[in-house]
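How do you read helices, strands and cores in a protein model? Let us work through one together.

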Amino acid sequence: MKRPARLVAGAFAAFGLFASGAAVAQAPAAGSSASPGSFPAWAYPWAPDFKAPPDDGVPRHVPDSAAAFTITQERDLFFAPDWHPDDHPAMPDVVAHGRSPEVRACGSCHRTEGTGGPENASLAGLPASYIVQQMADYKSGARKFSGPQRSPVLLMTAIAKAATDAEVQAAAAYFSSLKPRATIKVVETDTVPAIQIARVFYTIAKNGSPEPIGERIVEVPADVEQFEHRDPRSQFVAYVPKGSIARGEALAKTGGSGTTAPCETCHGPDLKGVNAVPGIAGRSPSYLVRQIYDFQQHTRDGSAGALMAPVVEKLSHDDMISLAAYVSSLKP
């Protein structure tokens, strides 16, 4: 039985996520439906009404970096804060700055090292041809999305339609050259801290009692300030229901007696990808569930959709959680 959802307010700088006095964000309640095809609302956090206060002009810092950036710089989607320039090769201009007025800097949202966050995709180490194809699918409309009209996917669609072939190729070559980084700690639990929505992702609320995890995954930055400053070294904790990793491993390795297909069939024995097939090990579990659901609902079509739709069509809400918990617990 559903209980009333918690209403909370947040204040997060780099994403423009400061709340006005009237702004509140609704975190989905625990114990949502587990029937096949049920909408995993918890995986699509969206609170569009946050308002950002003026920048105070004070440069911000992150651990182990000599760089300093103001909140205005961090909010600028045509600028990728480069906290650790020695950690990656030279960025092409489309990654570092984009092209005004429509092509935002890829590194602004996906970070300079392609690590991304729960609100979008990690791009580091993905095959260049796969990235190019996804941009083409966004551009053609083959890759759409379920749930609310969240800003990350709306921006991606607009960027894909405006980007030139040369810009897409340059970004794809750059991100494919990067080594994926382990950023997620998966923790099995019966209860989770109270959470709040910061526009497109969750964070732990300062006040509030622990609550049952129910049938959902709660993925939060380990250090919210570091993450909101767009530091690619940010880490995350993903709370998952007890037993979900083992259930997910069984599904991933055996297909669950016809429920799905073994993941290694396409993604390789270590789930790190094969040729043009992307690696899925160590990815954000929230992102994984969104993609599984989008494939199941045929909102994400294109070449990947044609392959994935029959694989995920029988998955229940609980199956999606279990698969994402297991896959995210692996080393990328």
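This is a predicted model: local features need pLDDT of at least 70, side-chain atom pairs count only at pLDDT 80 or more; totals for chains, interfaces and linings use all residues.

Q: How long is helix H6, and what span should its residues have?
A: Count the residues, then check the distance between the ends. H6 has 12 residues, which at 1.5 Å a residue should span 16 Å. Its end C-alpha atoms are 16 Å apart, so the two agree.

Q: Which residues of H6 are buried?
A: Start with the general idea. An α-helix has 3.6 residues a turn, so residues three or four places apart point the same way. Now the case here. Glu-167, Val-168, Ala-171, Ala-172, Tyr-174 and Phe-175 are buried in H6. They cover an arc of only 165° around the axis, which means that they lie on the same side of H6.

Q: What does the face turned away from that buried side carry?
A: Exposed residues. They are Asp-165 and Ala-166.

Q: What do the buried residues of H6 pack against?
A: Look for the neighbouring elements. Here they are helix H2 (93-96), H3, H4 and H5.

Q: What about H5: which of its residues are buried?
A: H5 covers residues 151-162 and reaches 16 Å from its first C-alpha to its last, close to the 16 Å expected. Its buried residues are Pro-152, Val-153, Met-156, Thr-157, Ile-159, Ala-160 and Ala-162. What covers them includes helix H3 (106-110), helix H4 (128-140) and helix H6 (165-176).

Q: Now strands. Which strands pair with S9, and in which sense, parallel or antiparallel?
A: In a regular strand the side chains alternate between the two faces of the sheet. Next, find the partners. Six bridges join S9 to strand S3 (residues 184-189), and these two run parallel. Strand S8 (residues 218-221) pairs with S9 over four bridges, in the antiparallel sense.

Q: Is S9 covered or open?
A: Mostly covered. Six of its six residues, 236-241, are buried.

Q: How many residues does the largest nonpolar core have?
A: It has 44. Trp-42, Ile-217, Val-220, Tyr-239, Leu-271 and Val-289 have the most contacts inside it. Helix H12 (residues 317-328) gives the largest share of this core, seven residues. A second, separate core has 24 residues, including Cys-106, Ile-159, Val-168 and Ala-171.

Q: What is Leu-271 in contact with?
A: Set aside neighbours within four places in sequence. Among the contacts of Leu-271 are then Cys-263, Ile-280, Tyr-326 and Leu-330.

Conventions: Residues are numbered from 1 along each chain as its sequence is written. Side-chain values use heavy atoms; hydrogens and water are left out. The expected span of a helix is 1.5 Å times one less than its number of residues. Buried means under 20% relative accessible area, exposed over 50%, partly exposed in between (1.4 Å probe, protein chains only). Contact means heavy atoms within 4.5 Å. The arc is that of the directions from the helix axis to the C-beta atoms. Two strands pair if DSSP finds at least two bridges between them. A nonpolar core is a set of buried Ala, Val, Leu, Ile, Met, Phe, Trp, Tyr and Cys residues joined through side-chain atoms within 4.5 Å.
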